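Me: I should like to learn how to read the features of a protein model. Could we go through them one at a time?

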Amino acid sequence: MKRTIFAGIGHYVPEKVITNSDLEKWMDTTDEWIQERTGIKERRWVKEGQTVSGLAFEATKIALQRAQLAPQDIEFIIFASMESDVVFPGGGCFLQQKLEIPGVPSMDIRNQCSGFLYGLAVADQFIKTGMYKTILLVGSEIQSTGLDLTTRGRDMAVLFGDGAGAAVLTASNDADRGVIVTKLHADGRFTDKLWGEWPSITHHPRITAEMLETDRIYPKMEGRYVFKHAVTRFPEVIHEALNEAGYSIDQVDLVVPHQANLRITEAVAQRLGVGMDKVYSNIHKYGNTTAATIPICLSEAWEEGRIKQGNVVALASFGSGFTWASSLVKW
Ligand code: COA
């Protein structure tokens, strides 16, 4: 059976840097509160006119170049994002348009922070069965334009950033490389613990002028509740992948968790029994970029030489849904 390898990985973040001090101008918050509770110092936000497919396109160009492949080599696009450039169609079609590869199938995955790992699992099945040999998997997000930038929305607004990461996945005959295992989970009992409720198709019409006056058009989260679940699910799903693959945590060179909060990452490292030197973190620069987080981390870790061929990398995510997932990859 073929193995799925990361032939190229790239990322792109918008140039505009929003520091914690910038946020202090718009809402009642402090740099100290944000850093102490989350580890975030700054994040990137798009400027007017930038799109999720546009961010994805920039990341894809880098990933293709590193894989030494051209857009025409892509046989399938998987686009993980909570958003698109418009309400519909999904961002994958806009990205395909930019890549100028009409006819190539494109699928959108809307699984919030777990989107990239759900996408990796899908890509891996297509490659294993031999249906496709080269798949573009992208995570791209713009959260900044949908946040409540008043004190009312401060618990969410300080956390999120924009960005994109892209992976060119190819089929390999090398049985000692590539995706070893992927584990996926969801629990819909917790949909309302972290969600964007309005505009909603349960309303006729789905959007009204009155709605715009309420806070229900902004994302909402029960922070402590999410935190508690996250610190349990991350180590659990990493252990699940390790057990299935017959690996121990000592054989893992780098753990790359979704970046929701540095305190969550630290708790996960502690529960796994690994030092923070073995856990990748870039939340201080980007905040939480939802489905883009893991590929941005992978791209930066690769650039920094922290992921080299032969290294075993454990990926894990947790987010809205709740959805959570993990993967063990031999680079
Ligand atoms: N600046 C200053 N004060 C803030 C604030 C901000 N940005 N956001 C919330 N506060 C206030 C609250 O209003 C509250 O005030 P009160 O005590 O007067 O009521 C106080 O800080 C504590 O709020 P709380 O929500 O209990 O803080 P916390 O320690 O749980 O930290 C989070 C909040 C959001 C950082 C934390 O819960 C978290 O990270 N949760 C999980 C996030 C996550 O994983 N999300 C996405 C998953 S993909």
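Reply: Let us begin with the naming of elements: helices (H or I, at least four residues) and strands (E, at least two) are DSSP runs, numbered from the N terminus. The model is a predicted one, in which local features need pLDDT of at least 70 and side-chain atom pairs count only at pLDDT 80 or more, while totals for chains, interfaces and linings use all residues. Residues are numbered from 1 along each chain as its sequence is written, and side-chain values use heavy atoms, with hydrogens and water left out.

Me: How many salt bridges does a search of the whole structure find?

Reply: Side chains of opposite charge can pair when their charged atoms come close. The rule for a salt bridge asks for a side-chain nitrogen of Lys or Arg within 4 Å of a carboxyl oxygen of Asp or Glu. In the whole structure, 16 salt bridges are found. One of them joins Asp124 to Lys128, with 3.2 Å between the closest N and O atoms. Both residues belong to helix H5 and are 4 residues apart, about one turn of the helix.

Me: Is Asp124 buried or exposed?

Reply: A residue is buried under 20% relative accessible area, exposed over 50%, and partly exposed in between (1.4 Å probe, protein chains only). Asp124 is buried because its relative accessible area is 1%, whereas Lys128, at 26%, is partly exposed.

Me: Which parts of the chain does the salt bridge between Lys285 and Glu300 tie together?

Reply: The closest N and O atoms of Lys285 and Glu300 are 3.1 Å apart. Lys285 lies in helix H9 (residues 283–286) and Glu300 in helix H10 (residues 293–303), so the bridge ties together parts that are 15 residues apart in sequence. Lys285 is partly exposed, with a relative accessible area of 25%, and Glu300 is buried, with 5%.

Me: What should helix H7 span, at 1.5 Å a residue?

Reply: The expected span of a helix is 1.5 Å times one less than its number of residues. For the 23 residues of H7 (residues 223–245) this gives 33 Å, and the end C-alpha atoms are 33 Å apart, which agrees. Among the buried residues of H7 are Val226, His229, Phe234 and Leu242. Just after H7, Gly246 has a positive phi of about 75 degrees.

Me: How much area do domain 1 and domain 2 bury between them?

Reply: The size of an interface is often given as the accessible area lost when the parts come together. Here, buried area is the accessible area (1.4 Å probe) that two parts lose on being put together, summed over both. Domain bounds come from an automatic or database domain assignment, which gives domain 1 (3–172) and domain 2 (178–330). The two domains bury about 4000 Å² between them, 63% of it on carbon and sulfur atoms. Of the area that domain 1 buries against domain 2, His11, Cys113 and Leu117 supply 17%, more than any other three residues. Across this interface the rule finds 1 salt bridge.

Me: Where is Ser327 placed, and which residues does Ser327 touch?

Reply: Ser327 is in strand E13 (residues 323–330) and counts as buried because its relative accessibility is 2%. Contact means heavy atoms within 4.5 Å. Not counting residues up to four places away in sequence, Ser327 touches Leu117, Leu120, Val179, Val181, Thr182, Val313, Ala314 and Leu315. A polar atom of the Ser327 side chain lies 2.9 Å from the backbone oxygen of Val181.

Definitions and conventions
A polar contact is a pair of N or O atoms within 3.5 Å; within protein, one must be able to donate a hydrogen and the other to accept it, and residues adjacent in sequence count only if both atoms are side-chain atoms.
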